[in-house]
Amino acid sequence: MNIFVEFCLVSCKVLWTFVLAGTRWLVRPKEKNVMGQVCVITGAGSGLGRHFAKEFARRGATVILWDINWESNEETAEMVRQIYNEDHLPCSTGSVDGEEGDVSQIQPKVYTYLCDVSKREEVYLTADKVQREVGNIDILINNAGVVSGRHLLECPDELLERTMMVNCHAHFWTTKAFVPKMLELNHGHIVTVASSLGLFTTAGVEDYCASKFGAIGFHESLSHELKAAEKDGIKMTLVCPFLVDTDMFKGCKIRKEIAPLFPPLKPEQCVQQAMRAILTDQPMICTPRIMYMVSFMKTVLPFDAIVCMYQFLGADKCMYPFLAHRKESMNNNESKTGSTVAVIYLFFKSWR
């Protein structure tokens with residue numbers, strides 16, 4: 001009898017979640033204020049990471065930029081400073097390269113850190129620096145991502161491992177570094193920037209799909225763990241964009257008659273939609289919205305039916321032009337390198 005009553009209560013709660021979800025479509029939830037909060041963004045030197053930094057800067061947050069490329073990371077930091085100045089927000093900078101930065105007590109601030117998130121110890125050391133030099137963080141954006149751009153059987157093992165390390169394993173390490181303090185305070189927000197290729201797959205990018213599936217699985221399991229621990233003050237948001245118009249998947253194409261219906265997302269548009277989800281504590285955001293339908297159809301249709309749809313849409317081989325473009329670029333770079341070496345060799349030979 002007790003379990004029957006409990007089942008009825010659970011059913012009512014489930015129905016109520018549908019009502020709340022429907023309400024979000026009709027009445028836009030109020031965005032929370034992140035002014036003065038501290039936000040760590042991995043892969044901030046370009047792409048979506050750079051746009052996330054700019055959006056949080058516009059809202060007065062202190063941004064901590066992590067990237068493997070020092071120059072591009074500093075370019076992002078300069079853009080953030082310009083936003084602070086344009087919005088008349090007093091800005092100070094913190095630069096971490098072994099020397100003390102010029103840090104004032106006025107918010108907001110921008111900090112840059114050189115960090116290869118594929119290296120576990122480097123992540124832990126950088127996170128320790130952040131906590132010592134900046135303080136506790138409020139928002140963690142796990143954004144860094146790479147793609148090998150090679151067919152599985154042509155891809156060196158080192159590149160396969162790097163894809164998994166950056167796109168998936170790094171999330172474990174940043175979480176272990178920053179979440180203990182969030183748990184202590186019961187406050188924070190963790191954002192996982194995954195991909196629609198973490199919900200469904202296509203040919204030619206096995207390593208990338210596996211890494212994004214892993215990141216999504218990690219995110220969902222961590223979400224359940226926080227709920228089980230009754231840490232409702234720590235929010236989670238999963239971001240699953242479709243193809244974004246960056247250099248990452250340059251050349252990717254679907255059937256030309258269908259392509260106008262699925263144009264690549266502009267990075268700014270993708271991040272703006274993700275920001276709305278983050279600032280309203282939305283658990284998941286897929287862009288464009290039709291990706292929800294694609295993901296649902298994958299779970300209910302037979303595999304052969306999915307194959308037929310892929311072939312019709314041209315999605316079964318959509319990555320092949322991208323892989324060919326990547327291969328051609330690498331061959332060109334190798335030939336240029338080889339030509340340079342040959343010229344140097346001939347020069348020294350003639351000199352002797």
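Before anything else, my cut-offs for accessibility: buried is under 20% relative accessible area, exposed is over 50%, and partly exposed is in between, with a 1.4 Å probe and protein chains only. This is a predicted model, so I take local features only at pLDDT of at least 70 and side-chain atom pairs only at pLDDT 80 or more, while totals for chains, interfaces and linings use all residues. Residues are numbered from 1 along each chain as its sequence is written, and side-chain values use heavy atoms, with hydrogens and water left out.

**Entry 1: the whole chain**

I went for the overall numbers. The protein chain has 10 helices and eight strands; these are DSSP runs numbered from the N terminus, helices being H or I of at least four residues and strands E of at least two. Of the 352 residues in the chain, 41% are buried. I also looked at contacts, meaning heavy atoms within 4.5 Å. Among those with a separation of 6 or more, 70% are between residues 24 or more positions apart.

**Entry 2: salt bridges**

My criterion is a side-chain nitrogen of Lys or Arg within 4 Å of a carboxyl oxygen of Asp or Glu. Searching the whole structure with it gives 12 salt bridges. I looked at three of them.

Glu-78 pairs with Arg-81, N to O 3.0 Å. Both sit in helix α3, and they are about one helical turn apart because three residues separate them. Glu-78 is partly exposed at 37% relative accessible area, whereas Arg-81 counts as buried at 18%.

Arg-162 bridges to Asp-116, with the closest N and O atoms 3.6 Å apart. Arg-162 is partly exposed at 29%; Asp-116 is buried at 9%.

Glu-55 and Arg-59 meet at 2.8 Å, N to O. I get Glu-55 as buried, at 12%, and Arg-59 as partly exposed, at 25%. Through shared partners, salt bridges join Glu-55, Arg-58 and Arg-59 into one network.

Next I wanted helix packing. Axes here are lines fitted to C-alpha atoms, for helices over the stretch in contact, and angles run from 0 to 180 degrees between N-to-C directions.

Helix α2 (residues 47-58) packs on helix α3 (residues 70-86) at about 25 degrees, axes 9 Å apart. That makes the two roughly parallel; under 35 degrees counts as roughly parallel, over 145 as roughly antiparallel, 65 to 115 as roughly perpendicular, and the rest as oblique. On the α2 side I noted Arg-50, Ala-53, Lys-54, Ala-57 and Arg-58, which meet α3 residues including Met-79, Val-80 and Ile-83. By class, this contact has six nonpolar, two polar and four charged residues. Nonpolar covers Ala, Val, Leu, Ile, Met, Phe, Trp, Tyr, Cys and Pro; charged covers Asp, Glu, Lys and Arg; the others, Gly among them, are polar.

What angle do α2 and α7 pack at? I get about 55 degrees, with the axes 9 Å apart, so the pair is oblique. α2 passes α7 in a right-handed crossing. The α2 residues are Leu-48, His-51, Phe-52, Glu-55 and Phe-56, and the α7 ones include Pro-267, Val-271 and Ile-278. This contact divides into nine nonpolar, two polar and two charged residues.

I then picked Val-271, in helix α7 (residues 267-279). Val-271 is buried, at 1% relative accessible area. Leaving out residues up to four places away in sequence, Val-271 touches Leu-48, His-51, Phe-52 and Glu-55. Val-271 and Leu-48 are 223 residues apart in sequence, with their C-alphas 6.6 Å apart in space.

**Entry 3: α5 against α6**

Last pair. The axes of helix α5 (residues 157-185) and helix α6 (residues 206-228) come within 8 Å and cross at roughly 15 degrees, so I put them down as roughly parallel. The crossing is right-handed. Among the α5 residues in the contact are Leu-160, Phe-172 and Leu-183, and among those of α6 are Tyr-208, Phe-218 and Leu-226. I count 11 nonpolar, six polar and two charged residues there.

Methods:
A crossing is left-handed if the near helix is turned anticlockwise from the far one by less than a right angle, and right-handed if clockwise.
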